[in-house]
Amino acid sequence: MTRRDRLPLAVVLLGFTSLFTDVGTEMIFPLLPVFLTEALKAGPAYLGLVEGAADTVSSLLKLASGFIADRTKSRKPLVLFGYGLASAVRPFVALATKPWHVLAVRVTDRVGKGLRSSPRDALIADVAGDKVGRAFGFHQAMDNAGAVAGPLIATGLIAMSLSLRQVFWIAVIPGAVATLLVALVKEPRPQQPTATATGASATTAPPARAPLFTRTLVSYLLILGVFSLGNSSDAFLLLRARNLGLPTAQIPVLWSVLNLSKVVWAYLGGDAADRIPRARLVAGGWVVYALVYLGLGQATQPWHVWALFVLYGVFYGLTEPVEKALVRDLAPPDQRGRAYGAYNFVVGVTALPAGLLMGVLWRVWGPAHALEVGAALAAVSGVALLTWDAYRRPR
């Protein structure tokens, strides 16, 4: 790889930041249900409260932090504070003695995620240049790699007879490393105002700011919202795997296989986004999503699940990094924070209704028909996105 082809150092550092952050998070997250219900004697409903509150807070702050990032001269302080807050609060899980302690820690952790996500995405978009697709693909691949490594490290530590609280303490280390890496990121200087023909500074008469929420961006977010309503939690897919006879002991392995597939396809998809029209890649990813959901609805054997979960990684690779690269195309440079805030908000705020919709359909119609509804929403969204892309291109 030539020097010209290399990703900017800031992108690489933020990628490894995401890797270490997810290692620490995923060392704790899979063990929280057991810790809450067995060690702290909380019920399953309380687990739902913890995760629901955490996701809601995170979604709202992603929107707000994007607006804040555009009003300040630097995006890095919010990114650094968000990662630092999550790392600082993580040790308190090991000290929890009551269920509400876990709730407070989990919500505070998601506060950090909400504060950092949109400014971080905007920062990556700022420094990536013409390699924005590959930059987001690399970042997503590193994020998924952490999701693979974290549970495996936790499993190994438990196999060494460490307690849950001891595992939680060790999870502090990768979080501290992640915060240090963010501190090393060098943010590009904001563009200086240019002088006018008469020599006067442009700061005395700033040009009118272009509107952010154009019809093009708003319609893109609306289409994304329709797809997200059918994009329920992957926990339902794990439940479907169990229904098809997959042993409980193999479920974590299946989850790791999915994340390994996501690592590969996130980088490949992001790289392709710099050469192939991005909307077409996203629509293709949604078609893969529809095929996986239809396949799981009709599956009859456990081996079907393994094949479909590997294919499911293709969906993530063609959508998560590519969608973010497409947002950069639609937003002025000085308003990228708000654009990514709106994007992250749409994706996050639809998670709860998507889960409720899938849960109701699952209970009333059964898993096959519930998954078919998710596939239908993905197909409709894909057609709508291709139509949107065809309409905007001549303009």
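A salt bridge here is a side-chain nitrogen of Lys or Arg within 4 Å of a carboxyl oxygen of Asp or Glu. Welcome to a predicted model, in which local features need pLDDT of at least 70, side-chain atom pairs count only at pLDDT 80 or more, and totals for chains, interfaces and linings use all residues. Residues are numbered from 1 along each chain as its sequence is written, and side-chain values use heavy atoms, with hydrogens and water left out.

**View 1. Asp109 and its arginine partners.** Arg110 and Asp109 join their side chains in a salt bridge, 2.6 Å from N to O. Asp109 also forms a salt bridge with Arg90, where the closest N and O atoms are 3.4 Å apart. Arg90 sits in the loop between α4 (76-89) and α5 (91-95) while Asp109 belongs to helix α6, so this pair ties together parts that are 19 residues apart in sequence. Helices are DSSP runs (H or I, at least four residues), numbered from the N terminus. Both Arg90 and Asp109 are buried, a word that means under 20% relative accessible area with a 1.4 Å probe, counting protein chains only.

**View 2. Asp70 and Arg75.** Look for the salt bridge between the side chains of Asp70 and Arg75, at 3.0 Å from N to O. Asp70 is buried at a relative accessible area of 11%, and Arg75 is buried at 8%.

**View 3. The largest cavity.** This cavity has a volume of about 100 Å³. A cavity is a set of points, on a 1 Å grid over the protein atoms alone, where a 1.4 Å probe fits but cannot get out; lining residues have an atom within 4 Å of a point. The volume is the space filled by probe spheres set on the points, which are joined across faces, edges and corners. Among the lining residues are Thr25, Ile28, Arg90 and Asp109. Helix α6 gives the largest share of the lining, four residues.

**View 4. The second largest cavity.** Here the space is about 40 Å³. Its lining includes Leu229, Met358 and Leu377, and α16 supplies the largest share, four residues.

**View 5. Asp389 in its helix.** Asp389 is found in helix α17 (residues 367-392). Is Asp389 buried or exposed? At 3% relative accessibility, Asp389 counts as buried. Leaving aside residues up to four places away in sequence, Asp389 touches Ala279 and Arg280, where contact means heavy atoms within 4.5 Å.

Conventions:
Helices (H or I, at least four residues) and strands (E, at least two) are DSSP runs, numbered from the N terminus. Buried means under 20% relative accessible area, exposed over 50%, partly exposed in between (1.4 Å probe, protein chains only). On a 1 Å grid over the protein atoms alone, a cavity is a set of points where a 1.4 Å probe fits but cannot get out, and a pocket is an open set with protein on both sides within 12 Å along at least five of seven lines; lining residues have an atom within 4 Å of a point.
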